[in-house]
Amino acid sequence: KVAETPLDLSLNAAPLPTPPSVIRALGPVPSTVAAGGYGRLRDAISGRLGIPPRSILPGTGSMELIYMAARAFVGPGKKAVILVPTFEEYARAVSGVGAEVSQLIAEEADGFFWKMGAVLEAVTDSRPDLLVVCNPNNPTGVYLARGEIHRLAEAVKPGLFLIDEACLDFAEDPWDTLPMLGLGNVILLRSFTKTFALWPVRVGYALGAPELLERMGKCRMAAALNPHVEAVGLAALEEIRKLDIPGGGTVVMLR
């Protein structure tokens with residue numbers, strides 16, 4: 001564990017070096033690797049997490065998947081709520097497709113923890129089409145507990161709950177969010193980019209109900225398919241397998 005020095009997780013930098021096998025995967029790869037939409041990577045993630053391949057949508061990091069979700073689920077006349085301060089791309093993606101954006105603010109005086117009662121009331125009253133939370137949050141490091149996340153998922157129904165878990169591998173005592181996929185309105189975003197300090201290439205994936213991910217997948221530009229995503233993702237999964245770390249990579253003290 002790394003517990004003494006705070007980590008800036010807004011950067012694609014990890015406390016441990018990128019494994020050589022992952023770096024080698026950045027070399028030349030056949031242009032046909034991504035032609036089928038990252039099928040090999042999807043199958044490998046499926047084997048790792050024990051969920052069906054149709055519930056997995058790989059992409060070029062969380063960034064691409066955030067914008068795909070915005071195009072798929074909101075637009076003019078739709079509303080989104082974002083818990084802030086957080087990664088600014090959520091608001092850019094949502095406002096960029098013409099949706100109305102509301103931000104629920106956590107104050108520094110409260111340690112950047114949201115007042116959950118007020119948040120739940122605001123979400124219930126506004127009935128947004130999309131609720132976004134980064135958990136653990138970038139850049140504050142706040143990590144919401146299982147009960148808090150479950151209450152948010154129920155409050156936003158029938159709207160969609162997008163949970164960005166790009167920093168999950170850095171959380172102390174992370175809890176398992178996979179059972180939440182059974183709620184039907186939850187999409188989880190996960191990433192190898194920060195865990196393995198992959199600044200040259202972004203690799204991530206979304207988890208959710210097949211019908212939700214199919215809708216997202218239709219919003220991907222064909223030119224965005226990147227053969228390095230699959231090669232690097234497969235190498236990263238093998239490194240995780242060798243370390244035998246449940247659900248992720250390096251676990252360090254986040255707060």
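A: A cavity here is a set of points on a 1 Å grid over the protein atoms alone, where a 1.4 Å probe fits but cannot get out. Points join across faces, edges and corners, and a volume is the space filled by probe spheres set on them. This is a predicted model: local features need pLDDT of at least 70, side-chain atom pairs 80 or more, while totals for chains, interfaces and linings use all residues. Numbering runs from 1 along each chain, and side-chain values use heavy atoms, without hydrogens or water.

Q: How many cavities of 30 Å³ or more are there?
A: The structure has 2. The second largest cavity holds about 50 Å³.

Q: Switching to α2. Which residues are buried?
A: Leu-41, Ile-45, Ser-46 and Leu-49 in α2 (39–49) are buried, meaning under 20% relative accessible area with a 1.4 Å probe, protein chains only.

Q: Why do they line one face?
A: Down the axis of α2, they fall within an arc of 140 degrees, so they share one face. The arc uses directions from the helix axis to the C-beta atoms.

Q: And the face turned away? What's exposed there?
A: Arg-40 and Gly-47; exposed means over 50%.

Q: What follows α2?
A: Gly-50, with a positive phi near 75 degrees.

Methods. On a 1 Å grid over the protein atoms alone, a cavity is a set of points where a 1.4 Å probe fits but cannot get out, and a pocket is an open set with protein on both sides within 12 Å along at least five of seven lines; lining residues have an atom within 4 Å of a point. Helices (H or I, at least four residues) and strands (E, at least two) are DSSP runs, numbered from the N terminus.
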